Amino acid sequence: MCGIAGLFHPDVPKPVEPARIRAMADTLAHRGPDGSGVWTAPGVGFGHRRLSIIDLEGGLQPMVSADRELAITYNGEIYNFREIRGELERLGHIFATQSDTEVILASWRQWGPSCLGRFNGMFAFALYDAAEDALFLARDRLGVKPLFLATLPDGALIFGSELKALLAHPRLRREPNPQAVEDFLALGYVPDDASIVAGVSKLPAGHYLLVRRGRAVPAPVKWWDVDFSSPSTAPASALEEELVERLREAVTSRMVADVPLGAFLSGGVDSSAVVAFMAEASRRAVETCAIGFDVADHDETRFAAMVAERFATAHRTRTVASDDFTLIDTLADSFDEPFADASAIGTYRVSELARERVKVALSGDGADEAFAGYRRYRLFSAEERVRRLLPQGARGAIGAAGAVYPKLDWAPQFLRAKTTLVALGRSAEEAYADAVTATSRPVRTMLYSSHFRQLLQGHRAEQRYVQTMRQAPANDALSRAQYADLKIWLPGDILTKVDRASMAVSLEAREPLLDHRLVEFAARLPAKLRLRGGSGKWLLKKALGGRLPPEILHRRKMGFVTPVSAWFRGPLAAEAAAIAHSPAFAELGWLEPAAIARIAADHRAGRGEHGRLLWQLLMLDKSLQRLFGYGTSASSRYFAATK
């Protein structure tokens, strides 16, 4: 795992200053504390920060081919590089190192862009081909590894593993992107291909960009997709056997490393499954670690301990205080863009704990999206069954009833009908898009100034989900929802969280349950084998029945729950009140201070439940200050006036 950065002049080969490339790469030192390198040629420059995992002595980057025709800077791991290397050697290629980096160079020389389809791994890399005078940028199928891009005023294309690498270039203009702010307040993260900085983008997951000197920069090309449209007709028993083999292969292929390796263990189905297959393949006790909370309702450590005992792992646990909000500024620095998934605190702490003993940790991320594990899939599927039975005219009437039905968050579950009624009055795509938002459109609209609404020019964050679901290669509503989550939620929230939190402490996190062959297998499962009888991940749990105890397989899903609502009524109550008077928000002029003040007051008084929104606003405030300097000049005047 590493950090990469670079620059390419697509028009003419202007000189590239090595010091500038080094400055960009050095902002990523946390991603690669073990070494650094810079390579330049006319019109192109690559920088690299290395976290040594495989071939510790070789594999230095940027790597240049023996004939000096190819150069690469690369972040990630190719798990099947030895098999590809064997094939390339049979084709006449000669290797000087034992690294997967050199395999990528040879693969490009042999197969060009189609080499990507041979790689099983997580990666983002930039490759320069002198013979073609071209830059090739590529990102793995599901977006495990990030890659930011921007075009400078002089036409130069810059890139980096994190936004901070691009911001190190003095010619990058720093202006906030209004549409990204809308996306963030709706979703809680800035989604793939967008960025909080206007003019910056992310190379989408499963895409590449091939830029030839002297030609216009083209649009990224999709090189991989997941297809839900062809469900398997094989018996469930055969699919269960195949699933076990695919799980085993996915886990064992990610256990290759020349450094200590372990796993995150929450005690949930997914991380427990990963540990089960690791223990099966390992000759020594697997290093596992878990984070607990000092609030019983949020603590999963007893389940993690149960799994650790079952598989005789070398297990460690650390308890995090329920008021552990001291990481707020650390997270803001690590993520650059505003990021409001508060479970990042737990992810950071468990990565910190793991890094004390290992350099690589396997995680259980990805199974909920691939195998339909989230509760929202069950609710959405139930709504869709009812929706299909309703005449079109009746849907409108039900939606209208939902619009006027009171929102009774305090009432018993059977009286909280507003959300369901509103959802039934919409299309499946609109209903699901609304279900995944962190802050509803009416609340966002209330927060926005008239000036900001004009800047949005009709942009609505939910439309990204609606369009993705409508274009999904899928035959049923559940599959369309899963497809959208794999394309939007997974890279935007889950994988961003794990990448930034683990890399902040120089830990490589690997996601075996996102092996593309396993995800493709899950997409071919009939919907009834993913979600059955109100139980998500049905076939996955059945396949694990002989390995994991019932207490693990069938318990209520928890995850890293962070008590932000309680914080804003307790130790962060002053922060909640201060958000409405944020100098950054005041200088930007996009949000209504009076609306924020009402939300904060209602939350502190217990009249409303707005903890998640206040957390979003807090993280947005910190991002605006750090990235654009908003509020920094006004801050001293503001605090002086309030003394």
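Which helices each supply at least two residues of the lining of the second largest pocket?

1. H18 and helix H19 (477-503) each do so; helices here are DSSP runs of H or I, at least four residues, numbered from the N terminus. Please keep in mind that this is a predicted model, where local features need pLDDT of at least 70, side-chain atom pairs count only at pLDDT 80 or more, and totals for chains, interfaces and linings use all residues. Residues are numbered from 1 along each chain as its sequence is written, and side-chain values use heavy atoms, with hydrogens and water left out.

2. H19 gives the most to that lining, five residues. The lining has 20 residues in total, and Pro204, His207, Thr468, Lys487 and Ile488 lie nearest the pocket's centre. By type, the lining residues are 10 nonpolar, four polar and six charged.

3. Among the buried ones are Pro178, Glu182, Asp183 and Phe184.

4. The cover over the buried residues of H5 includes H16 (441-447), H17 (450-456), H18 (462-470) and H28 (611-628).

5. Asn177 caps the N-terminal end, with a side-chain oxygen 3.1 Å from the backbone nitrogen of Gln179. Just after H5, Gly188 takes a positive phi of about 95°.

How values were computed. Buried means under 20% relative accessible area, exposed over 50%, partly exposed in between (1.4 Å probe, protein chains only). Contact means heavy atoms within 4.5 Å. A polar contact is a pair of N or O atoms within 3.5 Å; within protein, one must be able to donate a hydrogen and the other to accept it, and residues adjacent in sequence count only if both atoms are side-chain atoms. On a 1 Å grid over the protein atoms alone, a cavity is a set of points where a 1.4 Å probe fits but cannot get out, and a pocket is an open set with protein on both sides within 12 Å along at least five of seven lines; lining residues have an atom within 4 Å of a point. Ala, Val, Leu, Ile, Met, Phe, Trp, Tyr, Cys and Pro count as nonpolar, Asp, Glu, Lys and Arg as charged, and the others, Gly among them, as polar.
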